[in-house]
Amino acid sequence: MSVSGTLTAVTAFGDLLRQLRRRAGMTQGELAALVGFSVAQISRLEQNERLPDLAIIVEKFVPALALQEEPHLAQRLLELAARARGERPPAAVNVTREVRTVIREEVLEMDARLPTPPTTLIGREREIALIAKRLLAAPGRLLTLIGPPGVGKTRLGLAVAAQLQNLFADGVHFIALAALNDPDLLASGLLTGLLLTENNSKPPRLRLLEFLRRRELLIVLDNFEHLTQAAPLLAELLEQCAGLRLLVTSREPLHLRAEQRFKVQPLEPATAVELFIQRAQAIEPDFVWTTENLAPITEICLRLDCLPLAIELVAVRIDLWSPHKLLEQLQARRLDLFADGAPRDLTARHQTLRAAIDWSYQLLTRQEQQALASLSVFAGGWIGEAAWSVGEVTLPILKTLVNQSLLKVATQADGEARFHLLETIHAFAFEQLEQQGEDARLQDRHAAYFLGLALAAEAPMPGPEKKRWFDRLESELDNLRAAYKWLVAVDPAGALRLAGALKEFWYLRGYFNEGRQWLTQALAREPAPSAARALALLAAGQLAQNQGDYTVALPLIEESIALYRQLDDLPGVAEALRECGWVVYNMHLPQRTIDLFEESLQLFRALDDKAKIANLLISVVYARGPQAMGYAQVDAYLSESLALLREVGQVDGIIYALHTQGTVAIEFGHYATAITLLTEGLTLARTFDTKHALATVLMGLGEAVRYQGDGQSAQQHFHEAYQLFQQFGDKDGVMITLHHLGQVEHDQGHEQAATAYFVQSLTLCQELGNKHMTARCLAGLGSVALAYAQLARAASLLAAAQRILDTLPPFLAPADLEELVQVVANIRAACGEADFTAAWAQGVAMTTEQAVAYALATGM
């Protein structure tokens with residue numbers, strides 16, 4: 001049976017009414033609002049406890065339940081209503097014709113009261129439906145659309161009114177209030193908007209109440225922000241006029257008990273781009289978006305905060321400029337953009353962004369205007385404490401500016417409120433700051449505040465507290481960038497202090513490229529010897545070393561050592577020696593590495609710096625070689641290191657120690673132990689968001705699980721590590737993970753993919769001069785050659801790999817050694833002793849450069 005048939009089979013009026021309401025997707029409250037009943041009245045009707053009125057059913061319920069196109073259901077509802085009243089069912093009534101006639105007459109009347117927008121509204125369907133639903137269900141019958149200048153409050157209000165206009169017996173009225181400057185004249189302004197004349201014998205307020213008490217209508221009040229002092233009049237109208245509903249657009253709330261609020265947000269970026277294209281095509285019908293112009297169009301929309309008004313003002317100039325040129329013009333003239341080309345039917349305050357924002361600015365007190373200008377010195381947002389420290393802006397003023405839709409506020413992960421300005425309002429506010437002559441003073445205060453923040457985060461502290469500080473730095477990165485830019489221009493020594501103070505942050509959060517850029521520029525601008533310069537040199541060297549630029553890193557750190565010695569700064573000397581040890585370790589200078597680490601360890605023991613002693617114990621293990629030391633001695637060193645780090649609560653050091661213990665366990669074949677250690681390290685790295693440590697631990701854990709036969713997990717760990725290393729620009733990490741991914745693909749029999757990974761890794765090996773990984777890549781390509789039955793090639797590549805391995809301290813895990821031995825045995829068995837010996841001799845005779853060239857020439 002059809003749904004319609006099921007409905008007509010119902011035998012009680014209340015039952016049919018309830019089913020029709022549910023079919024329409026309405027609550028009792030929503031239906032009550034549409035027909036002018038209370039919820040209790042609807043409930044009693046549905047429970048067959050109240051007698052229905054046939055005239056009201058035709059006039060109200062049929063259109064509310066959308067039965068105009070289903071006359072048989074409307075007729076059935078009337079029949080059941082008549083039976084409930086004990087009356088004879090009415091003869092067939094052309095409900096559709098009668099209802100349509102009423103609706104058509106109402107539409108004609110409404111069209112005279114509701115402006116018709118000249119353009120199509122895009123991307124607001126969800127908001128329109130939600131606002132309409134909330135307005136109809138709102139017990140206070142008042143909803144305010146709140147948002148910043150140019151966000152589209154008026155257009156949204158008109159769209160909602162147009163959707164609801166058929167549901168109000170006396171229609172919908174739109175009243176523009178922008179030109180009404182005196183709150184005391186609101187009642188008169190509303191009378192005028194309703195096309196009513198004032199009565200000399202009655203005050204406008206009473207005249208308004210008399211008219212509205214007898215009406216069922218929706219009034220849209222547009223631009224109420226400058227009349228909020230008169231908001232109590234709206235409360236009185238709503239209290240005494242039961243059939244009245246108000247939809248208000250304003251840049252600030254009305255603060256009435258009846259009020260519900262809806263914050264109108266800028267468009268989504270994709271919708272903003274669609275609007276730009278639509279408006280551009282209205283001017284230039286042949287305009288089309290392409291893969292070339294989509295990027296600048298998107299950037300235009302983002303720079304305009306995806307505000308509809310701003311986008312429309314820009315898009316109409318597509319007749320003069322391409323999107324690329326428009327973007328250039330926007331960067332130079334954001335606020336006055338193309339005033340000469342703005343549509344003449346826009347109000348004057350909507351013809352430029354400056355005018356739209358200035359309308360709101362002029363409604364502020366002088367103190368609030370100064371506060372808004374002061375806040376423009378921030379970039380990317382701020383917290384309340386920063387607003388007071390930099391601009392002496394109090395929390396109550398911040399709240400006022402939020403209420404005026406000039407600031408946006410969100411709650412950070414730590415629960416603290418974070419404020420920010422839309423870019424368009426930010427540009428306007430900074431202009432005001434410049435006109436007040438306060439820009440330089442406030443930028444000095446801003447830079448001093450964020451330099452202090454960086455210096456505070458530099459201090460030693462337990463891991464959880466350090467994470468909180470680094471999270472704070474990350475949230476303030478745009479402000480730190482703005483502070484650095486200002487300091488570079490006016491105080492190079494301050495810029496050097498800021499760049500160096502962020503040393504740990506750059507490294508642990510993976511900002512290698514940006515950190516190096518800051519440090520390089522600051523060092524060039526401030527060459528005078530100082531502790532700040534020594535630290536900046538060390539930080540720059542550390543980042544260069546971690547990106548594989550060893551020849552750049554070494555002189556930077558050597559200069560840092562010399563400067564720290566000159567300043568008699570023993571902690572600085574010890575730390576720089578340790579970092580220098582890692583550079584020469586990666587340059588394969590073993591004895592110099594040991595000497596640097598031992599000297600550093602001696603200094604840190606004299607200083608009784610437990611965290612640094614712990615780190616140096618790990619460094620010494622790497623320098624001497626775990627297999628040369630033996631597992632017992634290595635375990636003693638690393639256990640002491642981990643105990644010291646746990647004692648001082650240095651989380652990044654604990655992660656480093658766990659990673660080292662895990663990789664050493666792998667080297668000695670203790671794979672289950674390695675997984676336990678590295679899993680703990682992984683948990684800490686994720687918890688404390690130490691991104692570089694996370695990548696390193698993932699790489700080690702991938703190796704351990706691969707050796708245990710879990711190729712799928714290994715591949716996942718390697719892929720995540722690779723993406724992080726790519727993000728940091730860490731060439732060493734990229735090189736190693738590419739090799740490991742090649743191993744996994746080879747294990748799975750995907751030889752083509754394995755070859756691609758090994759070749760990419762081998763190419764990086766040559767750039768970085770890494771002998772260990774060169775040997776492993778040659779061995780990997782030899783294994784692939786065996787899989788392809790290229791026996792001579794396989795033997796030569798394995799021989800070249802073995803020759804390099806023989807020059808290095810032992811470092812391969814037992815599983816890798818066993819695999820290498822087995823591959824060689826398989827090649828020997830497959831090609832015969834004579835051919836194997838010849839091919840092997842050919843590989844042994846190759847230099848490393850020749851072996852790499854041979855591998856790349858035949859493996860790509």
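The tour below goes from cavities to aromatic rings and then to salt bridges.

This is a predicted model, in which local features need pLDDT of at least 70 and side-chain atom pairs count only at pLDDT 80 or more, while totals for chains, interfaces and linings use all residues. Residues are numbered from 1 along each chain as its sequence is written, and side-chain values use heavy atoms, with hydrogens and water left out.

**First stop: the largest cavity**

Rolling a probe the size of a water molecule over the atoms shows where empty space is left. A cavity here is a set of points, on a 1 Å grid over the protein atoms alone, where a 1.4 Å probe fits but cannot get out, and lining residues have an atom within 4 Å of a point. Grid points are joined across faces, edges and corners, and a volume is the space filled by probe spheres set on the points. The count comes to three cavities of 30 Å³ or more, and the largest cavity holds about 200 Å³ of space. Select Gln 743, Arg 776, Ala 779, Gly 780 and Glu 819, which are the closest to its centre of the 15 residues that line the largest cavity.

Now colour α39 (731-747), α41 (771-787) and α43 (814-831), the elements that give two or more residues to this lining; helices are DSSP runs (H or I, at least four residues), numbered from the N terminus. The largest share of the lining, five residues, comes from α41.

**Second stop: aromatic rings**

A pair of aromatic rings is described by the distance of the centres and the angle of the planes. Rings of Phe, Tyr and Trp (its six-membered ring) pair if their centres lie within 6.5 Å, and planes under 30 degrees apart count as stacked, over 60 as edge-to-face and the rest as tilted. There are 20 aromatic pairs by this rule. Select Phe 378 and Trp 382, a stacked pair with 5.2 Å from centre to centre and 25° between the planes.

Next, select Phe 512 and Phe 728, whose ring centres are 5.5 Å apart with the planes at 40°, so the pair is tilted. Phe 512 lies in helix α27 (residues 512-525) and Phe 728 in helix α38 (residues 711-728), so the pair ties together parts that are 216 residues apart in sequence. Is Phe 512 buried or exposed? Phe 512 counts as buried, at 0% relative accessibility, where buried means under 20% relative accessible area, exposed over 50% and partly exposed in between (1.4 Å probe, protein chains only). Phe 728 is also buried, with a relative accessible area of 0%.

Side chains of opposite charge can pair when their charged atoms come close. A salt bridge is a side-chain nitrogen of Lys or Arg within 4 Å of a carboxyl oxygen of Asp or Glu, and the count by this rule comes to 43. Select Asp 15 and Arg 18, which form a salt bridge with their closest N and O atoms 2.9 Å apart. Because they are three residues apart in helix α2 (residues 13-23), Asp 15 and Arg 18 are separated by about one helical turn.

Finally, select Asp 549 and Lys 731, whose side chains meet in a salt bridge (3.8 Å, N to O). Asp 549 lies in the loop between α28 (531-546) and α29 (550-566) and Lys 731 in helix α39, so this pair ties together parts that are 182 residues apart in sequence.

Key
1 Å grid on protein atoms, 1.4 Å probe; cavity = no way out; pocket = protein on both sides within 12 Å on 5 of 7 lines; lining within 4 Å.
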